[in-house]
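Biologist: I am new to this structure and would like to learn how to read it. Could you walk me through it step by step?

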Amino acid sequence: MEDGLSTPVGTRRSFFVKSTVFISSLIGISLAVPLIGYVIAPALQRRNKEWVSLGKTEALPIGEPKAMDYTMTEKDGWQESHTTKGVWAVKQSNGEVTVFSPICPHLGCGYRWDQQDRLFKCPCHGSVYDINGTVKAGPAPRPLDTLPSKIENGDLLVQYEEYKSGLAKKVEL
Amino acid sequence: MASRLYQWIDQRLKLKPLEQTLLDEPIPGGASWNYVFGSATLFLFVLQALTGMFLMVYYVPATDHAYDTVQYIQHEVWGGWFIRGMHHWGASAVMVAIGLHMLQVFFDGAYKRPRELMWIVGVILLAIMLAFGFTGYLLPWDQNAYWATQVGINMVGNVPLIGDFLVKALRGGETLGALTISRFFAIHVAFLPVLIAVGIMLHLFILRRVGPAGPHDETRAKAGSETFYPRQVFLDAVVMLGVFGVVALLAISMEFPLADRADPSDHSFVPVPEWYFLFFYQLLKYAPGAWGPLATWLLPMLFFTGLLLLPFVDRNPDRNPSSRPIVLGTGLGFLILVSLRDLYAVPKRDPSVVRGMALVEHFNCKTCHRIHGEGVNVGPDLSFVADRRPDREWHLQHFKDPQSVSPGSFMPKFPLNEKQLNDLTNYILTLKSG
């Protein structure tokens with residue numbers, strides 16, 4: 001030390017050092033928790049699924065797939081957007097309705113209904129499904145994905161979901 | 001483990017001498033609570049930078065999104081209200097800290113030779129901080145932001161010759177809008193931070209070259225020095241914790257809500273600036289007509305020129321406050337002037353008047369009355385009704401039973417309780433010109 005320059009020593013010094021470390025950690029943690037939470041919070045939020053009415057089931061032909069529009073309001077952070085997805089609805093003879101996701105479970109293309117062959121066909125890689133969604137040909141690892149649906153007062157209500165493609169099991173995204 | 005890692009790095013980077021330079025800086029007269037203000041200011045600035053960066057994670061600087069994104073931060077993002085509260089109250093706290101820091105330096109005569117340069121850089125840092133406050137205020141794009149900035153920018157227009165040009169340059173055109181918010185944003189988050197970072201480094205560099213001033217008292221100063229670390233660092237840390245606690249507490253207990261979305265057509269809005277601009281804002285009231293430019297640019301210029309020249313005007317080398325009555329007296333006079341209560345009599349809205357305004361909406365008064373261009377002229381226009389009828393009793397009676405004071409009127413009786421009657425009347429009485 002230079003002349004006239006002093007510095008605390010011994011326990012006195014370690015008290016100052018430890019207290020400073022303690023205070024800095026306290027401030028650091030009190031800041032880190034809200035700051036990190038603030039950034040990751042939207043990542044932890046589950047998508048809000050809602051039941052959307054696609055219309056009356058009476059109008060659906062029995063045993064014929066019908067393309068229906070599913071219009072939903074999506075909250076994208078501070079923005080709200082309206083998107084429309086086309087889904088396939090098939091009314092059974094007992095009045096129940098099966099709703100298929102419009103996305104081919106193979107790799108996510110959009111498939112279509114071939115009226116002549118009475119089969120769903122995916123143009124991308126040639127997956128073929130029958131009217132019940134069962135795989136008839138092509139590389140598809142699983143049947144067509146059904147969407148949660150229910151009928152209330154004659155209205156067909158559907159929840160839109162998306163599933164991972166390429167897996168043998170249906171896993172929600 | 002940590003110490004071994006440090007050793008490993010030290011062997012390569014030779015940190016020990018650097019550590020000594022940084023930590024063993026001699027503090028003349030020993031560590032003291034007197035020297036915490038600079039560190040507190042620096043700490044608050046870092047806090048502002050940090051919370052500001054996090055606000056940017058969600059904020060969008062555009063007229064059609066800014067307000068929504070701030071609402072989103074305030075109400076939907078986890079912890080968003082806290083981060084925004086910290087940034088808001090931190091801005092005020094940084095001004096307080098700068099004020100105290102300057103007062104300490106002023107009182108102790110620490111701006112005198114050889115520390116003139118440190119003082120000058122400090123004054124520039126104050127100006128940059130004020131620019132931060134001004135540019136940040138617009139960003140939430142609510143009514144207060146819009147109208148306060150409108151007033152602020154218009155004041156610049158009083159500068160002779162180049163005033164008009166400056167106004168346009170600040171706005172990025174003729175009107176306050178999309179171009180204004182994006183340039184204010186860029187200034188707030190990019191240009192000013194770079195400037196202030198350079199300024200702070202310069203301020204600290206000068207401090208290390210010249211050394212801290214120490215006590216003005218000769219005997220205390222001669223008593224010897226103490227290393228900066230660990231006692232001064234500890235004192236600084238304690239104050240930082242206190243400052244952090246206060247700002248966090250303010251953020252938690254006094255939420256800072258947004259006003260309505262900025263509406264350029266609503267001329268009835270009375271903006272209130274942040275308190276550190278309040279003195280300036282109120283000063284304009286006392287500078288009518290041709291005196292306007294005096295208040296809007298001459299006085300602030302004199303203020304800053306005065307601060308910058310202080311070390312050259314006050315050349316008395318004695319730092320002891322008791323032997324500097326004139327300088328300290330002038331400073332005190334200035335402080336008393338800016339803290340005059342009168343100057344802070346802000347036209348804050350009386351809560352009763354605000355409730356009265358809400359009642360006007362609630363009872364759909366504007367389906368028959370026009371107020372400042374809004375509503376329908378079936379009944380009389382009420383924009384300046386208090387000019388015609390300043391009598392409080394008349395309004396109270398009129399709201400209770402319109403026909404009793406205005407025979408033949410087709411105004412219906414509204415079911416108002418006493419409090420509502422009062423609130424509505426208070427509001428009606430504010431509707432006058434000038």
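Modeller: We will go through the domains, the sheet, the cores and the contact between the chains. Please keep in mind that this is a predicted model.

Biologist: Let's begin with chain A. Into which domains is chain A divided?

Modeller: Chain A has domain 1, covering 1-45, and domain 2, covering 52-158. Taken over C-alpha atoms, the centres of these two domains of chain A are 58 Å apart.

Biologist: And what should I notice about chain B? How many helices and strands does chain B have?

Modeller: Chain B contains 19 helices and four strands. Its C-alpha atoms fill a box of roughly 95 × 55 × 45 Å along the principal axes. Of the 434 residues in chain B, 30% count as buried. Looking at contacts in chain B with a separation of 6 or more, 74% are between residues 24 or more positions apart.

Biologist: Now the sheet, please. What is the order of the strands in the open sheet of three strands?

Modeller: The order is β1(A)-β2(B)-β1(B), and the pairing is mixed. The edges are β1 (5-6) of chain A and β1 (26-28) of chain B; each has a single partner strand, so one side of each lacks a neighbour in the sheet.

Biologist: In which sense do β1(A) and β2 of chain B pair?

Modeller: They pair in the parallel sense, over two bridges, with β2 of chain B spanning residues 225-227. You can find A:L5 opposite B:S225, while A:S6 has B:E226 as its bridge partner.

Biologist: How do I read a nonpolar core?

Modeller: The general idea is that nonpolar side chains tend to be buried together in soluble globular proteins. Here, the largest nonpolar core has 69 residues, and B:L44 and B:V94 have the most contacts inside it. Several helices supply at least two residues each, including α1 (10-44) of chain A and α3 (36-55) and α11 (228-253) of chain B. The helix that gives the most is α5(B), with eleven residues.

Biologist: Which residues does B:L44 touch, leaving out those up to four places away in sequence?

Modeller: B:L44 touches B:G90, B:A93, B:V94, B:A97 and B:V243.

Biologist: Last topic: how many residues does the contact take from chain A and from chain B?

Modeller: The contact takes 24 residues from chain A and 26 from chain B. On the chain A side, β1 and α1 each supply at least two residues, and α1(A) gives the most, with 17 residues. By class, that side of chain A has 14 nonpolar, nine polar and one charged residues.

Conventions: Residues numbered from 1 in each chain as written. Chains lettered and ligands numbered in written order. Predicted model: local features only at pLDDT ≥ 70, side-chain atom pairs only at ≥ 80, totals over all residues. Domains from an automatic or database assignment. Pairing = 2+ DSSP bridges. Core = buried A, V, L, I, M, F, W, Y, C linked by C-beta atoms within 7 Å. Buried ≥ 20, exposed ≤ 12 C-beta atoms within 10 Å, placed from the backbone. Contact = placed C-beta atoms within 7 Å. Nonpolar A, V, L, I, M, F, W, Y, C, P; charged D, E, K, R; others polar.
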